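Please look over the model below. My notes follow as numbered points.

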Amino acid sequence: MPAIFEKLDKIRPVYDVVDKIVMFICKVLLIADILITTYQVLGRYVPFIPDPAWTEETILTLMSYMAVLSAALAIRRGAHIRMTALDQFLPKGLLKALDILADAAVLVLAVIMMVQGWTYAITIGSKGTYVSMTWLSRFWMYFPVCLAGVAMIIFEIEALYTHIRSIFVKGGEES
């Protein structure tokens, strides 16, 4: 195995840590979403429980975080939507080249998401507040796009590395 791959393989645990952090965030957001939704439903149908106005916007914001962060996790697991119907008919070399091209395109998208998400969060988001929570900036409504862009960049770098490594190292996909 070329020495460069041995050195780069040592940072693989960092990707595992990032994956666990993103997964933990998604789990916490899902639990919060379920609890707030339950509270909202009870508030509508149980007379002595108040129906707070802030629940709907909070639920939607938490869902947006979960949606984009889970998309980043799908990149790590190779579970994102992709066309594989013709893979068996293509030469393996072409298939690896197409995988690298697809990963590069997603990496470009992730950089755009990070940059534009941050730009929107600090410009449009900082100029307004939530309707039901006037003390909370809309920054938090736009920030998930930036956050997911960062996670996607990290996971796409790993995916690109894995594809490139598989070209130079026999059995490179398995580590």
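1. Read along the sequence, the protein chain runs α-α-α-α-α. That is 5 helices and 0 strands. Helices (H or I, at least four residues) and strands (E, at least two) are DSSP runs, numbered from the N terminus.

2. This is a predicted model: local features need pLDDT of at least 70, side-chain atom pairs count only at pLDDT 80 or more, and totals for chains, interfaces and linings use all residues. Residues are numbered from 1 along each chain as its sequence is written, and side-chain values use heavy atoms, with hydrogens and water left out.

3. The C-alpha trace spans about 65 × 35 × 35 Å along its principal axes. The radius of gyration of the protein chain is 21 Å, whereas a compact globule of 175 residues would have one near 16 Å. The radius is taken over C-alpha atoms, and the globule rule is 2.2 Å times the number of residues to the power 0.38.

4. Buried residues make up 33% of the 175 in the protein chain. Buried means under 20% relative accessible area, exposed over 50%, partly exposed in between (1.4 Å probe, protein chains only).

5. Helix α4 covers residues 92-122. Its 31 residues should span 45 Å at 1.5 Å a residue, and its end C-alpha atoms are 45 Å apart, which agrees. The expected span is 1.5 Å times one less than the number of residues. In α4, the buried residues are Leu95, Asp103, Ala110, Met113, Gly117 and Ala121. Their cover includes α5 (139-168).

6. Ile21 sits in helix α2 (residues 12-45). Ile21 counts as partly exposed because its relative accessibility is 46%.

How values were computed. Contact = heavy atoms within 4.5 Å.
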